[in-house]
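Good morning, everyone, and thank you for making the time. I would like to walk you through one structure, so please have a look at it before I go on.

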Amino acid sequence: MLAVFGSASLDTIRTPKKTVRNVLGGAAIFASIAASNFVETGLIAVTGRDFPKKYLDMLSKKVDLRGLTVKDGRTFRYDGRYSRTLDSRSTVKVELNVLADFKPAVPDDYRRAEFVYLANNDPDQNIRLLKEFDRIKFSMCDTIDFWISTKRQSVIKMIKSVDAVVINDEEARLLTKEFNLIKCAKKIMGWGARFVVIKKAEHGSLLFYDDMIFPSPGFSLEDVVDPTGAGDSFAGAMIGYMASKRSTSMPVIKKAVAYGNILGSFAVEGYGLDRLFDVRRRDIAGRLRTYEKMIRF
């Protein structure tokens, strides 16, 4: 089993073509849905009483919800607006609500999970949660500019506690105070992570391990609808594939990164989780074959 911890939210997404309100979102939701294509996935998150039953029903078909807590109050909400080219997003409003004082509980069955993904969340909370697992083989975390700006030392402490870090290029530069991405990765590995994956949006990703760099391009798309959750889908697919193989070997990790790029490409084809919920294994296999043709020479 893979255990995924992070946020569940009701999002308002504003793009130049359309605005959608109160759609299912959250870093842990995107990651767990992407991972569920490869391995049994347990979700650890919190919602309020206002969380629609239809979303619970949708999630229950994909992931194990024994780690989902429903509290009195309102669900975490995020409101963001994308630029005309969809390559940047500004935050309109954030309401932490029940997420503000959430103290996660790990179900007994989840404690035996060998693979754990800590989606974007309070780094101190992530550190505490890791200690509740009995036999972790591989752990991975993500972070964003908010935590880097407000809890940088805690983010660094979290990095010391995990095997891998997935982070986008802007956040890697902000965290390390370096501009060159190779220097960014080396500094992050110097803090304790064995693997670093730097995401570069539609340009793919860079995987760093020791002195090795493995670049992988993004899957080329003509129509991008909503970039929300693409990075979370990438990370979920990556660790989900690794968990399915119960392996941290370099060939498996390289293929996991390829799957990450593919699931990220599906995520951007619909608003919120619309496209990810419809993806089938045959769709993933077909896109992987196309991806392999793209990068072979």
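Predicted model: local features only at pLDDT ≥ 70, side-chain atom pairs only at ≥ 80, totals over all residues.

Let me start with helix H3, which covers residues 123–130, and helix H5, residues 152–161, whose axes come within 8 Å and cross at roughly 25°. Because angles under 35 degrees count as roughly parallel, H3 is roughly parallel to H5. The crossing in which H3 passes H5 is left-handed. On the H3 side the residues in contact are Pro-123, Asp-124, Asn-126, Ile-127 and Leu-130, and they meet Ser-154, Val-155, Lys-157, Met-158 and Ser-161 of H5. Sorted by class, this contact of H3 with H5 has five nonpolar residues, three polar ones and two charged ones.

The second pair is helix H9, residues 250–267, with helix H11, residues 281–295; here the axes come within 10 Å and cross at roughly 115°. That angle makes H9 roughly perpendicular to H11, and the crossing of H9 and H11 is right-handed. From H9, the residues Lys-255, Ala-258, Tyr-259, Asn-261, Ile-262, Leu-263, Ser-265 and Phe-266 take part, meeting Asp-283, Ile-284, Arg-287, Leu-288 and Tyr-291 in H11. By class, the contact of H9 with H11 divides into eight nonpolar, two polar and three charged residues.

Now to the cavity: how many are there of 30 Å³ or more? The count comes to one, and the largest cavity has a volume of about 30 Å³. Its lining consists of Asp-11, Thr-12, Ile-13, Tyr-78, Gly-80, Tyr-82, Arg-89 and Thr-228. Strand S2, residues 9–14, and strand S6, residues 77–82, each supply at least two residues of that lining. If we sort the lining of the largest cavity by class, we find three nonpolar, three polar and two charged residues.

Thank you, and I am happy to go back to any of these places.

Conventions: Residues numbered from 1 in each chain as written. Heavy atoms only, no water. Axes fitted to C-alpha atoms, helices over the stretch in contact; angles between N-to-C directions. Helix = DSSP H or I, 4+ residues; strand = E, 2+ residues; numbered from the N terminus. Parallel < 35°, antiparallel > 145°, perpendicular 65-115°, else oblique. Left-handed = near helix turned anticlockwise from the far one by under 90°. Contact = heavy atoms within 4.5 Å. Nonpolar A, V, L, I, M, F, W, Y, C, P; charged D, E, K, R; others polar. 1 Å grid on protein atoms, 1.4 Å probe; cavity = no way out; pocket = protein on both sides within 12 Å on 5 of 7 lines; lining within 4 Å. Points joined across faces, edges and corners; volume = space filled by probe spheres on them.
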